[in-house]
Each structure stands twice: as structure tokens, then as C-alpha cells.
Amino acid sequence: MTPRVGIHDLAFATAHQVLDLAVLAEHSGVDVGKYYVGIGQSEMSVPCADEDIVTMGAGAAAQILDRLRERDGTTDGIRTLLFATESGIDQSKSAGVFVHSLLGMGENCRVVELKQACYSATAALQFALGIVARDPREQVLVIAADIARYALDSSGEPTQGAAAVAFLVTADPALVEIEPVTGLHTDDIADFWRPNYLSTALVDGKYSLAAYLRSLEGAWDEYRARGGVGFEKIDRFCYHQPFTKMAVKAHDRLVAIAGADLDKAGRLAQIEASLRMNRRTGNSYTASIYVGLLSLLEHDEADLAGRRIGFFSYGSGSVSEFFTGVVQPGYRSLLRTEADARALADRTPIGYDRYRALHERVDATTGGDDRTPAETTGPFRFAGVSDHVRRYERTGR
Ligand code: HMG
């Protein structure tokens, strides 16, 4: 018999600076309502010079490993680490290997990086479920971390952001059991992409919105055709959130396709709690849907135990998947709600000039030896490059 498999623990980290979108609106001469209401974003996390996907990913994963060490005295049960990102720091080596080392994990572990725009964390989840279903003793650590970067003064600029999640996939999961039926959709399109020679993404904004919605329809249709449950059997929904208004648009579309009879308030009630954290981090690409899941579990006032969540994961280019999971009894005792609220509240607010200087600093990276200024207030930092090797260290915080 196939074991019950799913997400056993889920942790969050973000960058340690924040830009209020009112600051960007003032610089751009745009009514802030366009950002706060029109796209549904109030802030974006901005990495310090010594923060990247490794430091954020390690910050999230350390919380899971600390809990495992307390329970089992070891983290050696994790024999696979999958690092999902489209903000890769090396063309060859997985960012996960740096995290593996920073966190002192056992050497009997396979570590690999996955990429397909914002979809790759879901690919990692599905691969992890397969590993655990084959051998229920396996524990798979998935890390999803991204820094969303568009050109300065472009229309994508207010949809930047940064965050990471880590989740542990096991048999008999304590948070969310993932159900087996999925719906998939792939289409070779140029809605959003980042060529190797650019540090910022290119995007056809309006087209990307339409492509996202078309892909939702394709994935949902296949999900239903393969025996997935009807819309009315799903209690909450969690979408990829490049900006939170996109999830609102997507849910409106799904309600229409499914022919459900729900007014605006009813539709919003099914997704509202999942939007809270992304509204403040900004787009975190592949992490964003799982930041949404954490936000839902932490902020939905209803007891979600036994309730079914529908997930729609979309990555430009494009690949998407619709699937479901059931929240497990006792899930609330595993959440780190206060710590996650602090991670957002304790970010250092920055002004426009500092934001711009940091944005330009990334573009100016030359490949030569470089000591990175010590700025982050987080537990791990990118110390710089010497002999073309990236160096990371613990900060002691
Ligand atoms: P834009 O063209 O500057 O904005 O860029 P707009 O004119 O469409 O306005 C946005 C909304 O604000 C509109 O609402 C306006 O009416 C409203 P809507 O009609 O859409 O409901 N608005 C106002 N509301 C209140 N008060 C006001 C006001 N003014 C206007 N004063 C766009 C918007 C999203 C296109 C741009 O930011 C962009 O290109 N972003 C990046 C692309 C993106 O996020 N695409 C999403 C789908 S693709 C995806 O999700 C994948 C991705 O995450 C990458 C990956 O997979 O790796 C991006």
C-alpha cells in the first residue's frame, strides 16, 4: 500500500531590509493605490549586499533542522536535499551544497538544484513525494529561494521581492498530506525569462497574466479529467503569487471555469489568508506559493484540520500544476507564527537611494575577488568571492 506522504514541516526566511512601495511610487510619480490596491503589494524585501538565495535558504532550513535535531538527535535521516531556484549563483554547483555545508548536514546525502521559473519548488515536491513513497524511511529537504529582479524604472519593478521556504517531505506528514492526483500544463512561450547575460528578468507583462490564466485552465482541466475532486470539495486555494492581485484574478477565473456559485466575499475568503505574507515580501518566484501555504496555515482563523487545499503552481515559460493537499490534525502546534511575523516586522526599512544602490551593485559584479560588506542581521552571510569561489559564513546571530 502507498504510504501517506506530504509536508511534515515548513519554515520561512526573507531578506533583512524592506522597501515600502510608497517610496517607489513617490520616485516613479505613480499613485500608490496602483501598488497597494491595483497589484495588491505593500512592501518588498530587499536583500543586503551579503544576502542571497543561499543565506535565505539556509535561514529557513536551519529551523527545520533544529527541530529535527531536538527530536532525533541527528539530521542524518535527510538523504536528499532539493534546492529550487531561478536565481542561481553558479552554472554548475547546486546552491544546495553550500546550504548543506553551512548547516552541518551528513555527507550521505544527494543534493541537486532544480529550475523551471516559479514552478521548480513544486517539481521538487513531486520528486520528493516519489522518493518517500518508494521508501517511507526517506526524508527529503526541499528549499525554495529566489530574488525577483526587474530593471529599474520598468513596469515589473514593483513586483520584485525576496524570500525562501524550506519544507521537509516525509511519510505520515504532520502538516499537509499531498494527494496523488495532479493536473499538468506545459506551453513553450516567451512571457517571462532571463537570458544568461542579464541579471534582471525580461517580461511581457500583460501577456504573462493571460498565459498564467490559460495555464490554470489547462492544469485544472487535466486535474479533473484524471479524477481530481470537484471545486466544491476544496476549502481553500493557494496560488503562485507574483503579486497578490494575480491570485485574486486566478481564483476568480477558476470559480468561473468550475461554474461555482460564489460572490466576491466568498471567493476572497478562500484565499485571503494565503496572501498576507506575499503582500509584504514581494514576489519570491518559486518560493511564493509555499510562502502562501504558510501564510494560510498561520493566518486563517478557521481550524483547517481535515480541510482540503487546492494548489496552483505556475512557472513562466511555461509549466504549471494543479494538485491538492489535506491539512493534518495538530498542525497549529508546528507553526512558527510569531517568529515569521518578527522576520517581516524586524526588516530594516530603506529609502530609495539605498535600494537603487543595492540594485546597481548586483549589476556591477565583475567576477574578481570581493569582500562583501557585513550588513545582514540574519544567521548566515555571503562573505564574498576569492579565487572565484563563493564564501559563506555564520554570523553568530
Ligand atoms: P502595469 O502595466 O504598469 O500596471 O504593470 P496596470 O496599468 O495593468 O495596473 C495594474 C493594476 O492596477 C490594474 O488593475 C489597474 O487598474 C490598477 P487590473 O485592471 O489588473 O485589475 N490601478 C490602480 N488601482 C488602484 N488605484 C490606482 C490604480 N492605478 C492602476 N491609482 C504588471 C502591471 C503586473 C503587468 C507589471 O507589474 C509586470 O509586468 N509584472 C511582472 C510580470 C508578472 O508578475 N506577471 C504575472 C504572471 S507571470 C508569473 O506569475 C510568473 C513570474 O512569477 C515569473 C516566474 O515564473 O518565474 C512573473
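1. Let's start with a term: a salt bridge is a side-chain nitrogen of Lys or Arg within 4 Å of a carboxyl oxygen of Asp or Glu. Side chains of opposite charge can pair when their charged atoms come close. Between domain 1 and domain 2 of this protein, the count is one salt bridge. Its partners are arginine 280 and glutamate 43, with their closest N and O atoms 3.3 Å apart.

2. Before going on, a word on what you're looking at. This is a predicted model, where local features need pLDDT of at least 70 and side-chain atom pairs count only at pLDDT 80 or more, while totals for chains, interfaces and linings use all residues. Residues are numbered from 1 along each chain as its sequence is written, and side-chain values use heavy atoms, leaving out hydrogens and water.

3. Now the two domains themselves (their bounds come from an automatic or database domain assignment). Domain 1 is made of two stretches, 5–175 and 335–394, and domain 2 covers 177–332. Taken over C-alpha atoms, their centres are 20 Å apart. Domain 1 puts 62 residues into the contact and domain 2 puts in 50, where contact means heavy atoms within 4.5 Å.

4. How much area do domain 1 and domain 2 bury between them? About 4,300 Å², with 57% of it on carbon and sulfur atoms. Buried area here is the accessible area (1.4 Å probe) that two parts lose on being put together, summed over both.

5. There is polar pairing across this interface too: 31 residue pairs are in polar contact, both residues at pLDDT 80 or more. A polar contact is a pair of N or O atoms within 3.5 Å; within protein, one must be able to donate a hydrogen and the other to accept it, and residues adjacent in sequence count only if both atoms are side-chain atoms. On the side of domain 1 that touches domain 2, the elements giving two or more residues include strand E1 (5–14), strand E3 (43–46) and helix H5 (120–134). E1 gives the most, with seven residues. Helices (H or I, at least four residues) and strands (E, at least two) are DSSP runs, numbered from the N terminus.

6. Three strands make an open sheet in the order E3-E2-E14, with mixed pairing. E3 and E14 are the edge strands, each pairing on one side only. Strand E2 (residues 17–20) pairs with E3 in the antiparallel sense over four bridges, and with strand E14 (residues 348–349) in the parallel sense over two bridges. Two strands count as paired if DSSP finds at least two bridges between them. Valine 18 has a bridge partner in E3, serine 45, and one in E14, proline 349.

7. Back to charges for a moment: the whole structure holds 23 salt bridges. One joins aspartate 9 and arginine 67, at 3.0 Å from N to O. That pair links distant parts of the chain, with aspartate 9 in strand E1 and arginine 67 in helix H3 (residues 53–72), 58 residues apart.

8. Most residues other than glycine have a negative phi, and most peptide bonds are trans. Aspartate 172, though not a glycine, has a positive phi of about 45 degrees; it lies in the loop between E7 and strand E8 (176–186). The peptide bond from glycine 317 to serine 318 is cis, with omega near 0 degrees, and serine 318 sits in the loop between strand E12 (308–315) and strand E13 (319–327).
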